[in-house]
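Here's a quick tour of a structure, written for someone who would rather look at contacts than read a parts list. Keep the 3D view open as you go.

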There are 2 protein chains.
Amino acid sequence: MSNYRATIQYDGSRYQGWQSQKSTENTVQGKLEAVLAAMTGYPVDVIGSGRTDAGVHAQGQTANFHLREAWEEDAVRDYLNRYLPADIAVTEIKEVDGRFHSRYHARSKTYLYRIHIGNIPEVFARKYVYHYSTPLDVERMRLAASFLTGTHDFRSFCSNKRGKKSTVRTIREISIEETKQELRIYYTGDGFLQNMVRILTGTLIEVGDGRREPEEMEQILAAEDRGQAGYTAPACGLTLLSVEYGE
Amino acid sequence: MSNYRATIQYDGSRYQGWQSQKSTENTVQGKLEAVLAAMTGYPVDVIGSGRTDAGVHAQGQTANFHLREAWEEDAVRDYLNRYLPADIAVTEIKEVDGRFHSRYHARSKTYLYRIHIGNIPEVFARKYVYHYSTPLDVERMRLAASFLTGTHDFRSFCSNKRGKKSTVRTIREISIEETKQELRIYYTGDGFLQNMVRILTGTLIEVGDGRREPEEMEQILAAEDRGQAGYTAPACGLTLLSVEYGE
């Protein structure tokens with residue numbers, strides 16, 4: 001058995017996400033598994049570093065899978081790229097230690113949320129941004145972000161119903177870049193709960209447009225109640241940039 | 001009557017081009033005219049700086065049109081952007097001298113042709129590049145380009161059947177940028193014949209992959225025969241970057 005780590009890009013627009021409980025038909029993982037099964041002649045389980053929601057994009061999603069034979073790394077990459085749809089690409093296949101697990105061993109992830117704020121529509125990146133027309137005060141958003149950085153119980157920022165699993169996570173950094181046309185919010189942390197980046201973004205937007213105060217972030221975290229945080233920003237603006245391992 | 005100059009971006013993928021003889025239904029010009037007619041209540045003719053083929057994109061196409069009343073520049077721009085489809089955007093509306101004509105007064109145009117040469121598929125720009133998998137020798141292509149630069153009769157590089165109009169044009173510059181994943185060919189000239197940039201690109205590709213010699217360019221020009229030049233590279237890789245006026 002050989003273990004391979006794949007780095008994957010996708011335009012998530014037409015997928016039900018990385019993985020879906022209901023079917024693998026229209027998921028990125030399902031597409032990868034179908035091509036690998038055709039390549040090997042047996043079913044291959046692809047283990048993602050984590051799920052991305054329906055409509056979310058990736059520049060550097062990571063996954064691993066085991067093959068019974070030793071395959072050449074570039075041959076696997078090229079086979080996948082030949083048969084995957086044009087909106088999914090494998091940028092690298094690397095043979096890794098048999099114990100490597102893309103989810104358990106992920107140290108951190110970096111997401112980018114793109115908010116288009118300009119009054120000229122974005123033609124070429126229109127599927128990768130979320131347009132917001134009310135002016136946003138970036139300094140207020142940065143102050144709010146500073147309350148969210150660090151180790152907290154992020155239950156209020158999770159769409160999952162109350163479960164047994166820990167909702168404590170560490171956000172190492174939230175940085176906001178501003179151009180004339182766009183706000184780009186970068187999130188780096190050890191892991192993110194379901195919809196967490198989108199709820200964080202929706203909450204920061206509500207601070208930016210004046211509906212909330214930056215200081216409220218402390219109360220929202222303390223409440224451990226999804227109802228206290230802001231709305232879930234749309235999937236289209238979100239891209240998983242990279243998954244970092246301790247190498 | 002007020003005369004307005006519009007700068008327009010579009011993803012040409014789903015259009016029959018800027019303008020079509022057959023119908024205005026699915027052309028960029030037709031979309032602009034429909035929104036302007038709705039805005040003003042009377043038919044408005046939009047005059048483009050030139051046609052772009054079906055499937056060709058634009059970052060900075062230019063057009064002008066006359067309105068019976070004086071409208072605020074930004075109000076026209078915002079109205080157009082509100083009602084145009086998401087793959088067309090107006091980046092600027094400027095009131096100009098009544099005699100300004102976007103085609104007659106254009107001094108030069110700059111086109112970009114993007115050839116994807118990498119072995120990793122391009123997910124996010126997949127609709128804006130042409131993938132070519134045979135290795136291309138860029139130095140040979142640059143040498144061939146040097147024969148094409150300058151003032152020549154480009155009849156061999158024009159898909160139009162022999163007409164009465166002059167096919168003499170001046171190409172000021174052809175420059176080729178090379179990255180690991182892409183060749184980007186920039187063409188600047190005083191004007192381009194029908195399909196000319198795509199035929200130039202197809203011919204340069206045939207030089208790059210070894211099917212032709214750079215020196216053949218002189219014979220192709222002299223032949224004044226479309227059959228002597230290379231193939232027409234696909235529309236998807238081509239973008240009209242800008243139209244320059246003598247301001």
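Predicted model: local features only at pLDDT ≥ 70, side-chain atom pairs only at ≥ 80, totals over all residues.

**The cavity**

Let's start with empty space. Rolling a probe the size of a water molecule over the atoms shows where such space is left. Searching the whole structure turns up 1 cavity of 30 Å³ or more. The largest cavity holds about 80 Å³ of space. Which residues line the largest cavity? From chain A come A:D11, A:F124, A:R126, A:K127 and A:Y128, while chain B supplies B:V123, B:F124, B:R126, B:K127 and B:Y128. Sorted by class, that lining has 5 nonpolar and 5 charged residues, with no polar ones.

**An aromatic pair**

Two of those lining residues, A:F124 and B:Y128, turn up again when you look at rings. Over all chains, the search gives 18 aromatic pairs. In one of them, the ring centres of A:F124 and B:Y128 sit 5.2 Å apart with the planes at 85°, so the pair is edge-to-face. A:F124 is in the loop between β5 (106–116) and β6 (130–131) of chain A, and B:Y128 is in the loop between β5 (106–116) and β6 (130–131) of chain B, so this pair joins two chains.

| Helices | Axes | Angle |
|---|---|---|
| α3 (138–148) and α5 (216–223) of chain A | within 8 Å | roughly 35° |
| α1 (28–40) and α2 (73–83) of chain B | 10 Å apart | about 120° |

In chain A, α3(A) and α5(A) cross in a right-handed way. A:A144, A:F147 and A:L148 of α3(A) meet A:M217, A:E218 and A:L221 of α5(A). By class, the residues of this contact are 5 nonpolar, no polar and 1 charged.

Over in chain B, the crossing of α1(B) and α2(B) is right-handed. Here α1(B) brings B:L32, B:V35, B:L36, B:A38 and B:M39 to the contact, and α2(B) brings B:V76, B:Y79, B:L80 and B:Y83. What classes do the residues of this contact divide into? There are 9 nonpolar, no polar and no charged residues.

**A loop arginine**

Last stop: B:R211, in the loop between α4 (196–208) and α5 (216–223) of chain B. Leaving aside residues up to four places away in sequence, B:R211 touches B:Y132, B:E206 and B:Y231. B:R211 and B:G230 are 19 residues apart in sequence, and their C-alpha atoms are 9.7 Å apart in space.

Notes:
Residues numbered from 1 in each chain as written. Chains lettered and ligands numbered in written order. Heavy atoms only, no water. 1 Å grid on protein atoms, 1.4 Å probe; cavity = no way out; pocket = protein on both sides within 12 Å on 5 of 7 lines; lining within 4 Å. Points joined across faces, edges and corners; volume = space filled by probe spheres on them. Nonpolar A, V, L, I, M, F, W, Y, C, P; charged D, E, K, R; others polar. Axes fitted to C-alpha atoms, helices over the stretch in contact; angles between N-to-C directions. Helix = DSSP H or I, 4+ residues; strand = E, 2+ residues; numbered from the N terminus. Left-handed = near helix turned anticlockwise from the far one by under 90°. Contact = heavy atoms within 4.5 Å. Phe/Tyr/Trp six-rings, centres within 6.5 Å; stacked < 30°, edge-to-face > 60°.
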